[in-house]
Amino acid sequence: MAVPVEKVKVLVLGDSGVGKSSLVHLICQGEAMGNSAWTIGCNVDVKLHDYREEGTPHEKTFCVELWDVGGSINHSLSHSVFFNSAHGLVLVHDLTNRKSQENLRRWLGEVLSRDAGKKYSGEPDYDEEVFSENQLPALVIGTKMDRIPDSNLEEVLSRSSSVAGQCRADFINLDCMQNKHLAAGTTNAVKLSRFFDKVIERRYYTQDSRGRLGSQERRRPPSMTRTFSPTFVQEKID
Amino acid sequence: MSFLVDSCIMFTTQAFFFGFGWIFFMRQLFKDYEIHHRVVQLTFAVTFALSCTMFELIIFEIVGFLNSSSRYFHWKLDLYAMLFSLIFLLPFYIAYFIVSNLRFVQSLQRRRLIVWLTVGVWLTFMYFFWKLGDPFPILSAKHGIFSIEQGISRVGVIGVTLMALLSGFGAVNCPYTYMEYFLRHVTDTDIQSHERRLLQNMEIILTKKKRIALAKRETRQAQAGSGTQRSAGIWGMLKNVTTSSPAGENVRQLQQDVDALEELSRQLFLEVVDLHEQRERIAYSKTLKGKYFNIMGYFFSLYCMWKIFISTVNIVFDRVGKTDPITRGIEIVVVYFGIQFDVKFWSQHISFLLVGILIVTSIRGLLITMTKFFYAIASSKSSNIIVLLFAEIMGMYFISSVLLMRMNMPEEYRLIITEVLGDLQFNFYHRWFDVIFLVSALSSIGFLYLAHKQAPEKHMMQNMY
């Protein structure tokens with residue numbers, strides 16, 4: 001009965017308390033999580049994603065593993081255990097806390113330097129060089145949108161695009177406690193599934209990896225390369 | 001005229017301390033959080049500045065800087081300001097932030113309700129604070145209700161308890177952390193095998209979750225597919241129940257397995273963290289700084305044992321030290337070794353040095369401990385409350401250290417503290433410190449011993465055989 005479903009590994013990173021576990025629960029179970037405790041180590045969850053290749057009607061189910069790594073400072077020596085062989089990154093920051101967005105740079109640096117085998121030094125020049133070499137598809141998500149008073153909303157949302165711009169990634173702003181923010185058909189859900197498509201393509205369908213389904217010659221269409229999309233979601237809270 | 005000059009000097013130094021507290025708050029404590037309420041930062045910096053002023057006045061007392069009457073005036077001013085902030089300002093703000101974080105208050109969204117609740121909580125705090133004075137023999141009956149002694153005595157009790165707890169734990173933990181003797185031997189293969197076990201556990205969890213997700217999807221598709229054919233009535237219901245139950249049970253069983261495995265993965269991760277920390281410590285101990293701290297660790301362990309012994313003696317024999325260590329040291333040198341020197345001159349300089357070192361180490365120690373605790377327990381919701389609690393603890397701690405420091409100074413310098421703090425039963429505080437110190441040190445020894453025995457490598461050894 002066991003259908004061999006192929007898998008990709010996506011890391012969910014961010015500071016402690018930004019809402020990574022709630023986000024992963026919302027994505028995988030489709031409903032908001034009631035209570036949340038601090039993540040010790042790593043919470044993993046899976047989402048079955050149907051990938052349709054460009055130009056073919058053929059759909060294949062992939063299993064996206066979301067590794068939600070606990071962000072507390074006390075355990076910072078041991079995070080890198082979970083970072084090996086990741087195929088995609090989801091960077092989570094808290095819209096009510098500006099510092100959590102700035103710390104995303106540090107997280108990204110840690111993951112990339114682990115891949116390159118170097119020790120992360122945390123200097124700005126190093127960041128630029130490291131980011132430009134970034135081959136992993138990335139998505140930046142801002143949480144706790146409901147906590148911002150309406151008067152600050154515009155300013156906060158425009159500020160949240162800066163890190164995403166640096167990493168040349170797409171971004172979403174939402175509230176993990178409301179199901180409708182990731183309901184099927186919304187812009188958020190579309191962006192999320194586009195991100196998963198990117199990750200799967202990178203892993204299985206590019207020229208570097210072994211050929212699958214005869215797509216060895218296929219290049220990724222230009223629309224799928226990483227361009228900075230200025231659209232961001234302004235879901236009004238009721 | 002000189003009073004004006006003295007006040008200017010005092011206010012300049014206070015502004016300097018305020019700036020330091022402000023920057024410390026911004027750079028160290030709130031490193032990862034955005035500051036939404038400036039008032040929290042302000043209150044913290046003000047409390048820090050007032051505490052440092054107290055210490056500064058003691059140093060001025062010893063050195064003889066500034067006019068005596070202006071020193072006295074500034075002491076009084078500073079103490080009143082500290083008491084106001086510790087008893088009124090800080091508890092009020094703490095109550096305000098706690099109340100505004102409560103969920104049912106957030107849903108109601110009414111400002112006046114928040115203010116009234118805050119006042120209520122603050123009154124409760126005042127009641128308990130007042131009652132604190134009853135079981136302890138700290139006051140004589142001749143003091144009025146609003147005198148400075150009422151406030152200081154109660155603040156002193158809380159502060160001395162905190163000091164003794166921290167001292168006790170610190171005295172035991174310090175040699176344990178510094179000395180190489182206690183380092184557990186950890187090899188790279190230990191760490192790698194632990195990491196491998198952890199990752200294998202993750203793989204198993206993932207496989208099971210994948211099966212759950214596939215099973216759920218199948219039931220969803222089956223239900224959707226048979227939705228049109230679903231017959232109403234008894235037979236249809238029975239059929240639905242029987243057809244969906246095998247997959248349902250399967251999912252439940254898998255979910256239970258997953259929960260157990262997740263618990264296991266958390267424990268494995270904590271062991272890996274512990275091993276990483278041990279490896280860091282071993283690497284650090286090979287450096288020059290590490291070796292230096294290792295030697296210091298031996299001295300500290302001697303000091304710790306002596307302190308425990310002395311506290312026990314004090315309690316058992318009901319002994320209260322009358323002379324301070326400086327005068328006694330000088331006495332010993334003069335009487336037994338026969339060396340003659342200018343007692344007054346040397347006692348002033350040595351007390352300046354000793355008291356200065358005590359002050360600097362206690363401020364630095366408290367700030368470092370506070371930062372560590374803050375990183376461990378704060379989250380974005382509770383950061384304001386916790387930092388205000390720390391400001392309160394800091395104020396109480398520093399007032400009590402002034403109280404206890406009195407015993408370390410020669411007679412002529414004790415006068416100002418006795419004059420300003422009023423007629424308190426100082427001996428009680430020293431006895432109370434000894435008791436709590438003893439309790440804290442002994443329980444820390446027990447706790448560390450148990451933790452040391454539970455080392456992960458020992459587990460691995462047992463598993464191998």
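Q: Where in chain A is A:Ile40 found?
A: A:Ile40 is found in the loop between helix 1 (20–29) and strand 2 (42–52) of chain A; helices (H or I, at least four residues) and strands (E, at least two) are DSSP runs, numbered from the N terminus. Bear in mind that this is a predicted model: local features need pLDDT of at least 70, side-chain atom pairs count only at pLDDT 80 or more, and totals for chains, interfaces and linings use all residues. As for bookkeeping, residues are numbered from 1 along each chain as its sequence is written, chains are lettered from A and ligands numbered from 1 in the order in which they are written, and side-chain values use heavy atoms, leaving out hydrogens and water.

Q: Why is A:Ile40 called partly exposed?
A: Its relative accessibility is 28%. Buried means under 20% relative accessible area and exposed over 50%, with partly exposed in between (1.4 Å probe, protein chains only), so A:Ile40 counts as partly exposed.

Q: Which residues is A:Ile40 in contact with, leaving aside its neighbours within four places in sequence?
A: Contact means heavy atoms within 4.5 Å, and A:Ile40 is in contact with A:His75 as well as B:Arg266, B:Phe269 and B:Leu270. A:His75 is 35 residues away along the chain, yet the two C-alpha atoms are separated by 8.6 Å.

Q: What makes B:Arg266 and B:Glu263 a salt bridge?
A: The N to O distance between their side chains is 3.3 Å. The rule asks for a side-chain nitrogen of Lys or Arg within 4 Å of a carboxyl oxygen of Asp or Glu, so the pair qualifies. Both residues lie in helix 8 of chain B, 3 residues apart, or about one turn of the helix. B:Arg266 is partly exposed at 25%, and B:Glu263 is partly exposed too, at 40%. On the subject of networks, salt bridges that share partners join A:Lys7, A:Glu65 and B:Glu203 into one.

Q: How many salt bridges are there over all chains?
A: The count comes to 11. One of them pairs B:Arg279 with B:Asp188, with the closest N and O atoms 2.9 Å apart. B:Arg279 sits in helix 8 (residues 234–285) and B:Asp188 in helix 7 (residues 188–225) of chain B, so this bridge ties together parts that are 91 residues apart in sequence.

Q: Why is B:Lys208 called buried?
A: B:Lys208 has a relative accessible area of 18%, so it falls on the buried side of the cut-off.

Q: What makes B:Ser70 and B:Asp6 a polar contact?
A: Their side chains come to 2.7 Å. A polar contact is a pair of N or O atoms within 3.5 Å; within protein, one must be able to donate a hydrogen and the other to accept it, and residues adjacent in sequence count only if both atoms are side-chain atoms. The distance is inside that limit, so the pair counts as a polar contact. B:Ser70 lies in helix 3 of chain B and is buried, at 2%. Beyond residues up to four places away in sequence, B:Ser70 touches B:Phe3 and B:Asp6.

Q: How many helices and strands do the two chains have?
A: Chain A has 6 helices and 6 strands, whereas chain B has 15 helices and 0 strands. Buried residues make up 53% of the 238 residues in chain A and 42% of the 465 residues in chain B.
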